[in-house]
Amino acid sequence: MRREFRRLNRLIVMKSPSNKPVKEAVSLLLGLAALVTLFSFAQAHAQQPQPWTQIPIPPLHAFHPEQPKRIELKNGLVILLEEDHELPFINGSITMRGGSRDEPANEAGLIDLYGDTWRTSGAAAKDGDALDDLLEAKAAKVETGGDIDSTALSWSCLTKDEDQVFGIAVDLLKHPAFKEDKLMLAKQQAAAGIVRRNDDASAIASREAAKLVYGPDSPYTREPELATIKAVTLDDLKQWHDKTIVPNNMIVAVEGDFDSATMEKALRDAFESLPRGTSWPKPSGQFPGPKQGTYIVDKTDVNQSNVYIVGMGTLRNNPDYFALSVMNEIFSGGFSSRLFQDVRTKQGLAYAVGGGYGADYDHPGMFRVVAGTKSTTTVKAAQSMLAEIGDLKTKPFTDEELKRAKDQVLNSFIFKYDTKEKILAAAARLEFYGYPPDFLEKQRDGIERVTTADLERVAKKYIDTSKLAVLVVGNQQEFGTPLTEIGMGAPHPIDITIPGAPQQGPGAPGGEGEQ
């Protein structure tokens with residue numbers, strides 16, 4: 001800066017018929033003034049106190065959620081009650097074991113049709129359309145549906161309407177109508193979804209990734225087809241209902257503005273007379289995981305790629321579940337995670353990137369790392385994702401990473417169970433899968449006990465890139481770099497043609513797509 005001042009002095013004292021030296025001197029003076037101001041501001045800002053860094057952060061309170069009242073009837077039906085008098089509402093659900101993984105393969109889609117037809121048909125005393133009008137007038141709901149491992153009936157209403165709305169729910173449970181015209185409507189809606197299921201590239205990627213992990217014929221990945229939904233009859237729905245509405249396979253959970261003793265009596269009156277039936281079998285099956293390789297769904301009508309790297313995950317009752325949860329947070333838990341910082345922030349290879357070592361309650365989850373990237377960076381993104389996965393075994397975990405990850409997991413954990421409604425839902429889920437009621441409390445304690453040594457141990461035990469598959473859904477002509485550069489050999493094409501669907505537009509198999 002002194003050199004610039006000396007130059008300025010020389011320019012000012014120079015004599016010349018032109019004003020150019022003076023103008024240059026003025027410009028230099030203004031520039032120096034700006035630099036001095038900026039330097040002073042930066043110095044002052046650096047010296048400013050930062051009181052927020054001095055705020056003490058107290059430890060989290062002990063986590064002991066108030067458990068719902070649990071009642072088991074003589075016929076095996078389990079009732080969970082959670083009083084909450086903050087608002088004059090009552091919410092209830094009846095969950096039955098048995099879902100789409102249990103439906104016959106030649107009738108894939110039966111559970112979805114069952115859930116739709118059950119509610120829209122109504123009950124013997126009042127059809128579905130009449131129920132819609134009645135419930136709408138009371139701002140109440142009674143709904144039915146199905147999932148991979150269960151079906152359910154739920155209701156929601158004002159406290160003053162509980163007796164009537166609960167009565168409707170019980171009538172629907174015990175005396176369903178199951179009408180042919182409502183089944184046909186459900187089939188039409190299901191068929192419309194089937195013929196359009198290849199419209200969304202991200203949906204294709206999620207679906208086909210699961211098939212790579214569990215197998216194309218697995219009950220966990222079966223897709224309804226036009227032929228399988230056509231095969232479902234009204235008698236099939238009735239038989240499914242009779243088979244699953246068994247008290248020792250049912251959980252009733254109610255939360256809201258009620259007196260527990262009064263609610264217990266109402267539930268006993270409704271369900272205690274149901275005869276005990278055959279217990280639903282526990283799930284079984286082999287889960288070999290994916291065959292290593294690169295797989296491609298070539299969609300010529302998109303300009304970006306969905307990249308999935310997948311493998312077999314684990315169960316939530318695995319003793320290593322807590323250490324794996326913390327490892328996940330370090331690996332891909334947010335903006336500060338390794339995966340996000342490298343693939344997105346530093347290299348700019350992905351619009352979004354995330355994933356982790358998944359865990360389910362009664363069957364292994366999926367290990368899944370996912371990114372959305374432009375077509376020309378498809379291979380580079382996949383290579384970078386694989387490198388980050390490999391680094392989990394070789395790059396040491398730091399104490400700073402461990403502390404940040406545990407704080408993030410524990411702080412978010414508390415907010416997952418900060419209302420009685422959430423606590424009841426969690427308790428019902430644990431009851432359904434046979435987990436101990438204090439599992440949530442053990443989860444927090446387990447997270448707090450994780451060390452860097454635990455992280456290194458589980459990374460070496462569970463991370464194996466030789467057991468992973470890479471799936472790309474995108475426009476292969478625009479990749480530039482061949483998929484063989486990923487290092488897993490020649491890519492295996494995946495056919496996503498929809499059997500029996502009408503021929504669609506110029507896109508890749510299945511028709512036009514969305515990015």
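This is a predicted model: local features need pLDDT of at least 70, side-chain atom pairs count only at pLDDT 80 or more; totals for chains, interfaces and linings use all residues.
1. Six strands, in the order S10-S12-S8-S13-S7-S14, make up an open sheet with mixed pairing. In general, strands of a sheet pair through backbone hydrogen bonds, either parallel or antiparallel. At the edges are strand S10 (352-357) and strand S14 (492-493), each of which pairs on one side only.

2. S10 is joined to strand S12 (residues 366-374) by 6 bridges, and the two run antiparallel.

3. Helix H12 (residues 338-346) lies across S10 and S12, and runs at about 150° to S10.

4. A helix pair. Helix H3 (residues 110-121) and helix H9 (residues 234-244) have axes that come within 10 Å and cross at roughly 90°. H3 is therefore roughly perpendicular to H9. On the H3 side the contact involves Leu110, Ile111, Leu113, Tyr114, Thr117 and Trp118. On the H9 side are Asp236, Leu237, Trp240, His241 and Thr244. Sorted by class, the contact has 7 nonpolar, 3 polar and 1 charged residues.

5. Trp240. This residue lies in helix H9. Is Trp240 buried or exposed? Trp240 counts as buried because its relative accessibility is 4%, below the 20% cut-off. Leaving out residues up to four places away in sequence, Trp240 touches Leu110, Ile111 and Tyr114, and also Gly98, Gly99, Asp102, Thr151 and Trp280. Trp240 and Gly99 are 141 residues apart in sequence, while their C-alpha atoms are 9.9 Å apart in space.

6. The nonpolar cores. The largest nonpolar core has 49 residues, and Trp155 and Phe271 have the most contacts inside it. H5 supplies the largest share of this core, with 7 residues. Setting aside neighbours within four places in sequence, Phe271 is in contact with Leu73, Asn75, Leu77, Ile94, Phe166, Val170, Leu173 and Val252. Another core, of 48 residues, lies apart from the largest one; among its residues are Ile296, Ile330, Phe367 and Ala405.

7. Positive phi at Ala139. Most residues other than glycine have a negative phi. Ala139 is not a glycine, yet its phi is positive, at about 55°. Ala139 sits in the loop between helix H4 (128-137) and strand S4 (141-146). With a relative accessible area of 66%, Ala139 is exposed, since the cut-off for exposed is over 50%.

8. Positive phi at Phe178. Which value does phi take at Phe178? Phi of Phe178 is near 50°, again positive in a residue other than glycine. The place of Phe178 is the loop between helix H5 (162-174) and helix H6 (180-195). Phe178 has a relative accessible area of 3% and is therefore buried.

Note on methods:
Residues are numbered from 1 along each chain as its sequence is written. Side-chain values use heavy atoms; hydrogens and water are left out. Helices (H or I, at least four residues) and strands (E, at least two) are DSSP runs, numbered from the N terminus. Buried means under 20% relative accessible area, exposed over 50%, partly exposed in between (1.4 Å probe, protein chains only). Axes are lines fitted to C-alpha atoms, for helices over the stretch in contact, and angles run from 0 to 180 degrees between N-to-C directions. Angles under 35 degrees count as roughly parallel, over 145 as roughly antiparallel, 65 to 115 as roughly perpendicular and the rest as oblique. Contact means heavy atoms within 4.5 Å. Ala, Val, Leu, Ile, Met, Phe, Trp, Tyr, Cys and Pro count as nonpolar, Asp, Glu, Lys and Arg as charged, and the others, Gly among them, as polar. Two strands pair if DSSP finds at least two bridges between them. A nonpolar core is a set of buried Ala, Val, Leu, Ile, Met, Phe, Trp, Tyr and Cys residues joined through side-chain atoms within 4.5 Å.
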